Amino acid sequence: MGNICKMSTSGSRSTSAAFEDPVTAERTNELLNRWRAGEVTILQRLFRNAKLTSKNGSRGLDRAGFGEVFEELKAADGRLKRPVAQAVFSLFDSSGAGLVTFRDFCRALSWCCRGTRVERLRFLFCVFAIYEHELSSSSSSS
């Protein structure tokens with residue numbers, strides 16, 4: 001089956017590694033095509049109403065903007081939710097550049113919300129694989 005949450009060599013992050021979803025470039029368009037026109041309009045409105053950031057010529061959501069869109073992932077108590085939110089952000093941020101573009105946003109939402117049962121399970125597996133990686137990285141650097 002292979003490593004479904006393989007480490008990405010693209011992007012450079014000092015504190016966390018970028019992960020790629022198991023979706024190939026060919027499958028990205030198929031994932032994006034799962035949205036109907038009216039749904040894309042709603043997603044665009046949600047995305048545009050968030051606090052967008054520009055980075056390296058791209059415009060998208062940074063971690064703070066992502067937290068605004070996914071309010072339930074923000075850490076109110078500072079315990080479990082923040083690392084999980086960071087893991088989800090890492091999956092949405094396909095380039096590892098710290099920015100979620102609208103294409104990344106739609107692709108990842110399709111993967112976790114419109115995917116097959118196996119795709120949704122892979123998404124959850126990857127969230128917790130990244131979470132575990134972040135925990136082990138932070139404990140080894142302490």
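User: How many salt bridges are there, and by what rule?
Analyst: The count comes to four. A salt bridge is a side-chain nitrogen of Lys or Arg within 4 Å of a carboxyl oxygen of Asp or Glu. Side chains of opposite charge can pair when their charged atoms come close. This is a predicted model, where local features need pLDDT of at least 70 and side-chain atom pairs count only at pLDDT 80 or more, while totals for chains, interfaces and linings use all residues. Residues are numbered from 1 along each chain as its sequence is written, and side-chain values use heavy atoms, with hydrogens and water left out.

User: What makes Arg34 and Glu30 a salt bridge?
Analyst: Their side chains meet at 3.0 Å, N to O. The limit is 4 Å, so the pair qualifies.

User: Which salt bridges does Glu39 form?
Analyst: One is with Arg36, the closest N and O atoms being 3.1 Å apart. Another is with Arg114, at 2.4 Å, N to O. Glu39 lies in helix α2 and Arg114 in the loop between α5 and α6, so this pair ties together parts that are 75 residues apart in sequence. Helices here are DSSP runs (H or I, at least four residues), as are strands (E, at least two), numbered from the N terminus.

User: Are Glu39, Arg36 and Arg114 buried, partly exposed or exposed?
Analyst: Glu39 has 15% relative accessibility and therefore counts as buried. Arg36, at 58%, counts as exposed. Arg114 has a relative accessible area of 29%, so Arg114 is partly exposed.

User: Which residues do salt bridges with shared partners join into one network?
Analyst: Glu30, Arg34 and Glu119.

User: What makes a set of residues a nonpolar core?
Analyst: The members are buried Ala, Val, Leu, Ile, Met, Phe, Trp, Tyr and Cys residues, joined through side-chain atoms within 4.5 Å. The largest such core here has 28 residues. Leu61, Phe66, Phe92, Phe105, Leu109 and Phe123 touch the most other members. Two or more residues come from each of α1 (25-32), α2 (37-49), α3 (63-69), α4 (81-92), α5 (102-113) and α6 (117-140). In soluble globular proteins, nonpolar side chains tend to be buried together.

User: Which residues is Leu109 in contact with, leaving aside neighbours within four places in sequence?
Analyst: Trp35, Leu43, Phe70, Phe92 and Arg114. Contact means heavy atoms within 4.5 Å.

User: Why are Leu121, Leu124 and Phe128 called a nonpolar patch?
Analyst: Patch residues have over 30% relative accessible area and no salt bridge; like charges are joined within 9 Å, nonpolar side chains (Val, Leu, Ile, Met, Phe, Trp, Tyr) within 5 Å. Leu124 sits in helix α6. Its relative accessible area is 47%, which makes it partly exposed. The three residues have about 310 Å² of accessible area together, by the Shrake-Rupley method with a 1.4 Å probe, where for residues only the protein chains shown count as cover.

User: How do you know that β1 and β2 pair?
Analyst: Two strands pair if DSSP finds at least two bridges between them. Thr53 stands opposite Gly60 in β2. Two residues lie between the strands of this hairpin, and Asn56 takes a positive phi near 50°.

User: Is Asp93 buried or exposed?
Analyst: Buried, because its relative accessible area is 0%. Asp93 belongs to the loop between α4 and α5. Its C-alpha atom is separated by 8.1 Å from that of Phe105, twelve residues apart along the chain.

Note on methods. Buried means under 20% relative accessible area, exposed over 50%, partly exposed in between (1.4 Å probe, protein chains only).
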